[in-house]
Amino acid sequence: MSETLRPRRSCLAVPGSNPRFLEKAKGLPADQVFLDLEDACAPLVKPEARKNIVAALNEGGWGDKIRVVRVNDWTTHWTYRDVVEVVEGAGANLDCIMLPKVQSADQVVALDILLTQIEKTVGHEVGKIGIEAQIENAQGLIAVDAIAKASPRVETIIFGPADFMASINMKSLVVGEQPPGYDVGDAYHHILMSILMAARANNKQAIDGPYLQIRDADGFRRVASRSAALGFDGKWVLHPDQVGIANEVYAPNQDDYDHAELILDAYEWSTSEAGGKKGSAMLGDEMIDEASRKMALVISAKGRAAGMQRTSTFEPPQS
Ligand code: GLV
Ligand code: MG
């Protein structure tokens, strides 16, 4: 399984039924690609899409992108074939299986068991393939903590807004935007926070779902900035134009990244012998302590994972 801190700022959806899109995705600067066998593939083309996906993974050319395949959910009759064909055919070139519409911890356990059997049969290390769990209905949200805990393979918890809106009868057709008539706050706050809490409590990544108005770059930035502000690690992207925006929005800005690195240096120096073994320190006019260090660690880890370079250095105060 890939490390939890591998960046997933942009997670690009690619329909498995379209070899041209599969080829094009290789060249886009998304942190993750997910090759879709579920809702982007019509039922009649799913068998052919499995073959396209296995071929595209085995051909390579994905750089250091996280390679994920979304299978169909367990209430369909396609899931086991999706998993068996893709993991037997391309398990060596695959990082995770994404399971949509997860309703209970058992559904994650079932996928874990199937993956273990395939890994043993094919001769891969057991546990190599991770799981990404999509929360897309009321049952899934109520069970989200158990879902996050259900297997060590789980790497991400993902919000699926379109299916979720349908599942709770929300009176809107515009995915990601506020439902008309609800004018007292963010209608998604509880859902996003529940997913984020389950992710953080279990050391998983929290990923926001798609924004379907693909020509509205400002709208995408506005909606992405909300979940990024709460602490989400990334968001789905459906169009090449959304990739760069997600990479920017889910990484710290340069000032915050520099500030975080300075806090870490100042705290390390102040708590050292040379700095007087103090439990708190001053960074300019700002008082910093162990809690500030923890906050700085989060920003610094995201910045380092995104390959950012600091533009300032810490100078210990002269006494
Ligand atoms: C994604 O799968 C969604 O339903 O929004
Ligand atoms: Mg969905």
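**Close-up 1. Helix H11 passes helix H12 in a left-handed crossing.** In this predicted model, H11 covers residues 254–271 and H12 covers residues 290–305. The two helices pack at an angle of about 135°, and their axes are 8 Å apart. H11 and H12 are therefore oblique to each other.

**Close-up 2. Residues of H11 and H12 that make the helix contact.** From H11, the contact takes in Asp256, Tyr257, Ala260, Glu261, Ile263, Leu264 and Tyr267. H12 contributes Glu290, Ser292, Arg293, Ala296, Leu297, Ile299, Ser300, Gly303 and Arg304. By type, the residues of this contact between H11 and H12 divide into eight nonpolar, three polar and five charged.

**Close-up 3. The magnesium ion (ligand 2) with Glu136 and Asp163.** Glu136 coordinates the ion through OE and Asp163 through OD, at 2.0 to 2.1 Å.

**Close-up 4. Lys171 in the loop between H7 and helix H8.** Helix H8 spans residues 189–201. Lys171 has a relative accessibility of 73% and so counts as exposed, since the label applies over 50%. Leaving aside residues up to four places away in sequence, Lys171 touches Pro179 and Pro180. Gly140 gives a reference point for placing Lys171 in the model: the two residues are 31 residues apart in sequence, and their C-alpha atoms are 20 Å apart in space.

**Close-up 5. Ala291 in helix H12.** This view returns to H12, the helix of residues 290–305 that packs with H11. Ala291 has a relative accessible area of 44% and is partly exposed. That value falls in the range between the buried limit of 20% and the exposed limit of 50%. Ser280 and Ala291 are eleven residues apart in sequence. From C-alpha to C-alpha, Ser280 and Ala291 are 9.8 Å apart in space.

Terms used. Residues numbered from 1 in each chain as written. Chains lettered and ligands numbered in written order. Predicted model: local features only at pLDDT ≥ 70, side-chain atom pairs only at ≥ 80, totals over all residues. Heavy atoms only, no water. Axes fitted to C-alpha atoms, helices over the stretch in contact; angles between N-to-C directions. Helix = DSSP H or I, 4+ residues; strand = E, 2+ residues; numbered from the N terminus. Parallel < 35°, antiparallel > 145°, perpendicular 65-115°, else oblique. Left-handed = near helix turned anticlockwise from the far one by under 90°. Contact = heavy atoms within 4.5 Å. Nonpolar A, V, L, I, M, F, W, Y, C, P; charged D, E, K, R; others polar. Donors = N, O, S within 2.8 Å, 3.2 Å for Na, K, Ca; no water. Buried < 20%, exposed > 50% of the residue type's maximum accessible area, 1.4 Å probe, protein only.
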